[in-house]
Amino acid sequence: MRRDFWARPSRGACLTSTEQRSVVSGRWSVATNNGRQTKSLKIVRESLQVYAGRGVFRNFSEIKTGVFSFVWLTPYPVEFVFDAEKQELRFKNLLPNVAARSAMHRDLKTFLQARYDEQLPAHRRVDMKRAQIVCTNRGGKISLVLKVKNNQWAYGVNKLVNLVHEVFVHLREREAEYLAENFDVSEE
Amino acid sequence: MGKSNGSKQKSSETEAQPDLSRRNFIARAAIGAGVAATLGAGKASASDAERPIKIPDEFALARDAAPVKVAFPMNGAQVFARMCKEEGLAALFCCPGNYSVINAIAQEGIPAYSGRHEGAMCHAADAFIRVTGEIAATSGTEGPGFSDMICAIAAANAARTPLLVLASNMSIQQEDTESGIQLQYQQPATEGLKKYGKRLLTPSRLSEYTAYAFRQLRSGVPRPVHIDFPSEVYRAQFKTAADLTYYYDKSRYRTDSKPHPAPKDIRAAVEMLKQAQRPMIVSSNGVFYSRAWDALKSLAEKAQIPVAESGAMKGQFSDASPLSANAAPAALASADVVLLVGQYCMPTVGEFAFGPDAKYIRIDPAPEDIGRNLPIDIGIVSCERAALEALFNEMPAVKRDAWVAEIAAARKKFEDELDVIYKQGLGYTDAVHPAVIAKELGDFLYRGKIPKEQTTVVSGGYGIARYVRRWLRGYRPGQIMNGAYQYGAIGPDVGYAIGVAAAVRHGISVQKPYQGHPIVCVTGDAGFGYTAMEMETLAKYRLPVIVIVYNNNAWGTWNGNRANPVTLSMHLFQENVRYDKVGEALGAHGEYVTRAQDFRPALERAYQIAVKESRPSVINCQAKKEFWLRENAPGFLGKTEPGCMSYFH
């Protein structure tokens, strides 16, 4: 991935990077791009609503455009962000109190990296051609991000939701004490 | 120590000599274990040997006695016992108290065991049921005995056990008076912990309410039934059956007919299973209680659907099958359709390892529970066996080679991880690591001289459970009794062992082929502390139980407090406590294991004693609490496997 793809535009600050790219490429108009974003958001919203409708997510709501809140794997709500500008989906501040470069942080990064592994069955793997996993740690709060390529938003939602599920299964196995302390998850 | 039985004052030198006094014997029994351990004086003195622990002859007399034939006129206790016998009540576990009722039950020829604590004996009854599928009763005396049972009733309730709880309750006439002692209004105390309860008030309705009790115990989703007996009822005299209202054969007051599934529900489920690429069955309590293991196996094999087990007992689906997904946790998140069969205690979203896209079909005899906690896609109200048979009949044969291969790969991955853990455990030489206990026990039970399906195991403990359960396997129904299960009580394990050993001794139900064989109980030092006195019960009944105590000198909670000097000591015990000596003092064989290489020989010796002498053992495995720290790899393991990542549901 080119480094400048994610750089803020130096001119035309009112344009998002996606819009700027569109303008530069000359293929899409801004209006078209806004329409595309609306369509992308609609796909994301509908994909999430499937989980809410099936009872996987509870207390599901769109607290502002493109920002969703719901209760899922723990008793506490999580925040899911659709970021058209960055072409990414994000579980914001998913895991609190994880020190950067701690053993848990390192283990988590290793686990996430393994999600691309060719040895994983295809239905469990994240396809690098379609999405890229990013794990950020700001002030001890880990956010899980999926950078979505080629507007594959439905794929992105499905993969990120499944990814977070697998992260919590992994934590239940490796970090039972952490889950008990931070999420009131029973140490059964 | 003061004066001996005589009036002569003894010097300390004199006291060091062998002394045959009863006082000295009792004093030694009380403090001897610790002192002996400290001094390294494990051998009994000559004077002790003259007073060996002895099982009274009355035990043999009781064992050989024929049931007492009772006919009208009968008292209330006898009428109740007669109905229990006709209902097939398989055993009674109690402490003295509720005398008329327990005596009447024993005299009917129903195996009756008496222990040291009502709670432990209630746990025993729970365990007996969980490895046989038959109904057992527990009993305690008024107030205190009954209230001792509360934790065990709650554990049985969480495990959905059809446990018959009996307790005497003084008299109706004394109610609310506080006259004498031990009065308690019992039924509110079991509120929320039972399926049905009744204080019997009208003597002539005794048989009617006994019928209520057995209807509840033998239908739908089972849970405890609590009946309490005032003296006006159990002492009431009945000249003939005509003195009782509704006294007739059980075929008149209940039915063995079971709810069968609606054909449209079966068709919908078959369609979903046909469409699925990676379906999985979760087999739980209901498969055991409806004896549906053959139907389960037939369906799984015909449709190539892997099976993971959950629930209060395990072994309904053999781990020897390539379709067993118990030890394949990495594959669980791949399942796209999950068929839940008899999963009475339902996890909430996220507790199972199945992924967010998995669809759920749930088979359960209780429509009011279907959809609770975990949203469903298809609900089938039915007896589990009837539904599995119907699915087998409707389901076409399906090949799912890729899915079965994924299960096999996940199983291999899990086994490889276990090998790594074991090798890490072997690296510790200053104490016995739990991985060593778990691996060596697994090798002994399944890969040694004993047929792998032979030994029934009480799988208890807390920290040690996280290791042992990874190596435990089930090869036939009723082989693994899943400890305290969802209620999460610490300490029932030795009590459970009484019930399981009794079931195996008598060859009840699915334990028949393994009648008389030793059983294994795994527990921790914290848990052993609650019910250790029941080693005496095991010893006096000569129940061949090998109790493995994982002794890490601490509650399982200690590591959460390790950084807090104010609170840490609340989570610790004395170090190197000699639980083996406690066992010896109570009539069991004792082993103290401090090195990894000594565990297997100790296990072999204990097993031989169980076989040859039918005597219980305590294998005290000296560990250290620091094994739970992350820096001491593999540390404290998280989810308890194998299973479906919600082991306690």
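Two strands pair if DSSP finds at least two bridges between them. Keep that in mind for the views below, which all come from a predicted model.

**View 1. The sheet in chain B is an open one with seven strands.** Going across, the strands run β11-β16-β15-β17-β18-β20-β19, and their pairing is mixed. Who sits at the edges? That would be β11 (313-314) and β19 (589-593) of chain B. Each has a single partner strand, so one side of each has no neighbour in the sheet.

**View 2. Here we zoom in on β11(B) and its partner, strand β16 (residues 480-481) of chain B.** The two pair in the antiparallel sense, with two bridges between them. To find the spot, look for B:M313, whose bridge partner in β16(B) is B:M481. Helix α20(B) packs on this sheet, where it touches β15 (457-459), β16, β17 (519-524) and β18 (545-551) of chain B. Its direction makes about 175° with that of β17(B).

**View 3. Helix α20 of chain B covers residues 493-506.** How far does this 14-residue helix reach from its first C-alpha to its last? The span is 20 Å, close to the 20 Å expected at 1.5 Å a residue. Is the helix mostly covered or mostly open? Mostly covered: 13 of the 14 residues in α20(B) are buried.

**View 4. Chain B splits into three stretches: domain 1 (57-253), domain 2 (263-404) and domain 3 (429-628).** This close-up is about where domains 1 and 2 of chain B meet, with 10 residues of domain 1 in contact with 11 residues of domain 2. On the domain 1 side, five of the touching residues are nonpolar, three are polar and two are charged. The C-alpha centres of these two domains of chain B lie 36 Å apart.

**View 5. Chain A meets chain B through 23 residues of its own and 20 residues of chain B.** What is the chain B side made of, by class? Nine of its residues touching chain A are nonpolar, seven are polar and four are charged.

**View 6. Chain A by itself has five helices and six strands.** Follow the sequence and you get the pattern α-α-β-β-β-β-α-β-β-α-α. Of the 188 residues in chain A, 27% are buried. Take the contacts in chain A between residues at least 6 apart in sequence: 46% of them join residues at least 24 apart.

Technical notes: Residues are numbered from 1 along each chain as its sequence is written. Chains are lettered from A and ligands numbered from 1 in the order in which they are written. This is a predicted model: local features need pLDDT of at least 70, side-chain atom pairs count only at pLDDT 80 or more; totals for chains, interfaces and linings use all residues. Two residues are in contact if their C-beta atoms, placed from the backbone, lie within 7 Å. Ala, Val, Leu, Ile, Met, Phe, Trp, Tyr, Cys and Pro count as nonpolar, Asp, Glu, Lys and Arg as charged, and the others, Gly among them, as polar. Domain bounds come from an automatic or database domain assignment. Helices (H or I, at least four residues) and strands (E, at least two) are DSSP runs, numbered from the N terminus. The expected span of a helix is 1.5 Å times one less than its number of residues. A residue is buried if 20 or more other C-beta atoms lie within 10 Å of its own, exposed if 12 or fewer, and partly exposed in between; C-beta atoms are placed from the backbone. Axes are lines fitted to C-alpha atoms, for helices over the stretch in contact, and angles run from 0 to 180 degrees between N-to-C directions.
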